[in-house]
Amino acid sequence: MRPITPQPGNDRDPENFVGRVATTARARERLKAGANLLLTAPRRMGKTFWMLSFAAREAGFRPYFIDYEGTNTVEEFLSKTVNALLESSDLPTKTRKVLKTVFKNIKSVGVPGILTIQPYHRATSPHKLLQEILITLDDQEGLIPLILMDEVPMAIEAIGKNEGQEAARALLQTLRAIRQANPNISWIVAGSIGFHHVLTLVDATSGELYDLEPLRLELMPSEESQELASRLLLGINIQPEAAVVAELIAVGGGMPAIQHMVVSSLKQRLSAGTALGPQEVRECFEDSIDSQDEFRWLMDIDKRISFYYGQRTELAERVLCTALSSEHRWLKITDLSQEAELPQQQELTKIINILCDDHYLEIRGKSVRWRYPVFQYIWARKNMIWERP
Ligand SMILES: Nc1ncnc2c1ncn2[C@@H]1O[C@H](COP(=O)(O)OP(=O)(O)OP(=O)(O)O)[C@@H](O)[C@H]1O
Ligand SMILES: [Mg+2]
């Protein structure tokens, strides 16, 4: 078994990518059937790492991974796209040719960098250029071109703020038009922010995404968690003993990022010469929750509530608090509204739907509960509602 050095931040090496067999098989099958996918999951579930590993490992596709983090204008969206394409070793000749007619400084073996648009194309809208460039990826030869776009909602949100709602909406429409006009090109779109918030901010409807089929990245199944736990322990020179592995799986709750985090802080403790048993794993996890620096991403989720929920923030938090259940029990919405003295049904239903879109809650008929016990636990501990055992 190959050791994995814990890297809670940004592990991007496909050699260190574990499992996700079900998601990968589903993605492969749906893409081959002609579907385009919208990858959804809570923060830190492993979306980006999955996309990169899918791109690196999957035969049958010619992948182009594009990260749109930090994109503030439609023009930047275009240049990020072009730079990502240029990094590809087997870009179709047709694409390189079009890029050369549009941009001044494209070398024959493309090196990404600052792009300058040729004078002739300065008046052409970046939307049109995007369209003209992306369609050339369909070169009809063997492998299916696969565009993997990460952090798209973040880009749409920033473009909306910088260039106005209309520019952001127009970009969503352009992307959809390109997808629909080119059935031979496959797409996977993802981001760390849910599209639903962003659509509201730019006054668009989910119609812009109707052609995308949702692909959910769920908690990691236990046999995959087991492999990850064992390899991470080996990565810090610990023989993966059954009891320690089991505790690591338990605290991780199916989130690979938590396992990485706990093992990376275990490593620091071990240098102080401590013995390692399940108790140390648990302590490490609990210390991480109490720490202000670790599990920062979970605090981001909290901050996101106040950022995106606006006036509904307090209500959302009350709903989440009332829905807490250590037995992971379903709670009837009528009981929820009574216990939390919540407003009328309509407003409550709305907030529950948003909390479901954000992966906090799940619905069954007229009942709700926290979707992921591990999130519930960390949230309740971070908000000092539950005590440390
Ligand atoms: N399948 C996996 N195998 C091993 N480690 C994983 C796996 N998936 C995720 N991880 C760990 O979790 C971390 C977070 O993953 P990633 O950055 O892909 O999450 P994300 O869902 O894209 O998060 P965000 O919403 O913040 O963009 C990785 O850096 C890695 O440490
Ligand atoms: Mg990501």
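In strand β3, L146 is the bridge partner of P63. This pair belongs to a predicted model, in which local features need pLDDT of at least 70, side-chain atom pairs count only at pLDDT 80 or more, and totals for chains, interfaces and linings use all residues. Residues are numbered from 1 along each chain as its sequence is written, while chains are lettered from A and ligands numbered from 1 in the order in which they are written. Helices (H or I, at least four residues) and strands (E, at least two) are DSSP runs, numbered from the N terminus.

**Domains**

- The protein chain is assigned domain 1 (20-216), domain 2 (222-290) and domain 3 (304-382); such bounds come from an automatic or database domain assignment.
- The centres of domain 2 and domain 3, taken over C-alpha atoms, are separated by 30 Å.
- Five residues from domain 2 and six residues from domain 3 take part in the contact, where contact requires C-beta atoms, placed from the backbone, to lie within 7 Å.
- On the side of domain 2 that touches domain 3 there are three nonpolar, two polar and no charged residues.
- In these classes, Ala, Val, Leu, Ile, Met, Phe, Trp, Tyr, Cys and Pro count as nonpolar, Asp, Glu, Lys and Arg as charged, and the others, Gly among them, as polar.

**Ligand 1**

- Ligand 1 is surrounded by 23 residues, of which the closest are G46, T48, F49, S192 and A257; a residue is near a molecule or strand if its C-beta atom, placed from the backbone, lies within 6 Å of it.
- Helices α2 (47-57) and α11 (256-270) are the elements that give two or more residues to this shell.
- By class, the shell holds nine nonpolar, nine polar and five charged residues.
- Because domain 1 and domain 2 both give residues to the shell, ligand 1 lies between them.

**The five-stranded sheet**

- Five strands form an open sheet in the order β2-β3-β4-β1-β5, with parallel pairing; two strands pair if DSSP finds at least two bridges between them.
- The edge strands, each pairing on one side only, are β2 (61-67) and β5 (212-216).
- Seven bridges link β2 with β3 (residues 144-150), four link β3 with β4, and three link β1 with β4.
- Residue I188 of β4 is the bridge partner of L37 and also stands opposite L148.
- Five of the five residues of β4 are buried, so this strand is largely enclosed by the rest of the structure.
- From β4, S186, I188 and A190 point one way, and W187 and V189 the other way.
- Buried means that 20 or more other C-beta atoms lie within 10 Å of the residue's own, exposed means 12 or fewer, and partly exposed is in between, with C-beta atoms placed from the backbone.
- Helix α1 (residues 21-32) lies across β1 (36-40), β3, β4 (186-190) and β5, and runs at about 165° to β5.
- For such angles, axes are lines fitted to C-alpha atoms, for helices over the stretch in contact, and values run from 0 to 180 degrees between N-to-C directions.

**Helix α10**

- In α10 (residues 242-252), the buried residues include V244, V245, E247 and L248.
- Among the elements that cover them are α9 (222-235), α11 and α12 (278-290).
- G253 follows α10 and has a positive phi, near 55°.

**Residue V368**

- V368 belongs to strand β8 (residues 367-370) and counts as buried because it has 23 C-beta neighbours inside 10 Å.
- Beyond its neighbours within four places in sequence, its contacts include A323, L331, I333 and L336.

Technical notes: Two residues are in contact if their C-beta atoms, placed from the backbone, lie within 7 Å.
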